Amino acid sequence: SKTPLKKVSYAAGPLGFSGNRQNVKVLQIINVHKADSVFRQLAISPILGRLVAALAGWEQVGTRLAQDQVWAKPPGAPPLTFHRDDPYFMFDPPDVVTVWIALDDMDDDRIGPLQYCVGSHQWGNGRVGSSQVFFDSRNGGRDLLLSAAARAGVTKEAIVVESLVGLKAGGLSIHDGRTWHGSGPNNSRDRPRRGLGLHFVPANIRFTAAAAQSRLWRDYLRDAAERPEDIEIPEEDFPITWFPDPK
């Protein structure tokens with residue numbers, strides 16, 4: 001005899017909250033602009049590109065989108081390790097500016113808003129940590145931060161962290177890629193915490209030798225005969241969002 005199949009129905013919740021609270025993890029979606037026209041319109045906005053160029057001093061070279069990342073932190077999700085953005089973007093010049101856009105109201109510290117370590121962009125450029133420990137929650141996700149501060153001669157007591165609590169959905173923050181930042185756990189019961197990070201670089205970037213060893217960039221450097229700095233940056237994957245008018 002055949003056993004009849006049991007019909008199972010699933011309630012589709014918003015991205016970042018399925019209703020499950022067991023073994024909850026932070027969701028990361030990379031380059032959503034390649035799959036959604038609304039996200040792409042925002043990511044390659046020339047208005048945003050020009051703003052970034054003005055803030056970063058790139059008015060002579062223009063702005064390029066290196067990558068976007070959606071971060072969805074469901075209720076019960078752990079903290080996101082304090083980190084810097086620029087070590088993961090292996091380009092020359094090594095400048096990175098991140099525009100972080102809130103997709104939910106950050107009106108409650110319990111949902112884990114983004115946090116910045118004040119003045120940490122001046123600690124030096126030595127790389128500390130790697131993507132393998134990105135979700136390490138030891139010491140509330142601050143192990144790498146404390147290590148970097150110690151290397152820079154900054155005591156634990158002197159570390160100042162500012163939260164983006166109070167930022168409304170659609171609001172944004174902009175930070176230097178050398179700034180240490182992270183976020184706490186989502187301790188709410190039913191509120192996802194979501195944001196979109198847009199990572200911009202100067203339009204005239206070239207790959208560095210280190211990029212050949214990176215899972216993110218090595219596919220662009222398959223031809224060993226070419227020097228990394230001679231490889232053309234593909235516009236399709238790294239769109240120029242703003243370029244100065246030719247004189």
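What percentage of the 247 residues in the protein is buried? In this predicted model, buried residues account for 45% of them. The accessible surface comes to about 13,700 Å², and carbon and sulfur atoms hold 51% of that area.

On the fold side, the protein has three helices and twelve strands. Take the contacts with a separation of 6 or more: residues 24 or more positions apart make up 86% of those.

Now for a closer look at helix 2, which runs over residues 46-56. Its buried residues are Leu48, Gly49, Val52 and Ala53. They sit on the same side of helix 2 because the arc they cover around the axis is only 135°.

| Element packed against by the buried residues of helix 2 | Residues |
|---|---|
| Helix 1 | residues 37-43 |
| Strand 2 | residues 63-73 |
| Strand 5 | residues 97-102 |
| Strand 10 | residues 193-202 |
| Strand 12 | residues 240-242 |

The two ends of the helix are worth a glance as well. After helix 2 comes Gly57, with a positive phi near 80°.

Definitions and conventions:
Residues are numbered from 1 along each chain as its sequence is written. This is a predicted model: local features need pLDDT of at least 70, side-chain atom pairs count only at pLDDT 80 or more; totals for chains, interfaces and linings use all residues. Side-chain values use heavy atoms; hydrogens and water are left out. Buried means under 20% relative accessible area, exposed over 50%, partly exposed in between (1.4 Å probe, protein chains only). Helices (H or I, at least four residues) and strands (E, at least two) are DSSP runs, numbered from the N terminus. The arc is that of the directions from the helix axis to the C-beta atoms. Contact means heavy atoms within 4.5 Å. Accessible areas come from the Shrake-Rupley method with a 1.4 Å probe; for residues, only the protein chains shown count as cover.
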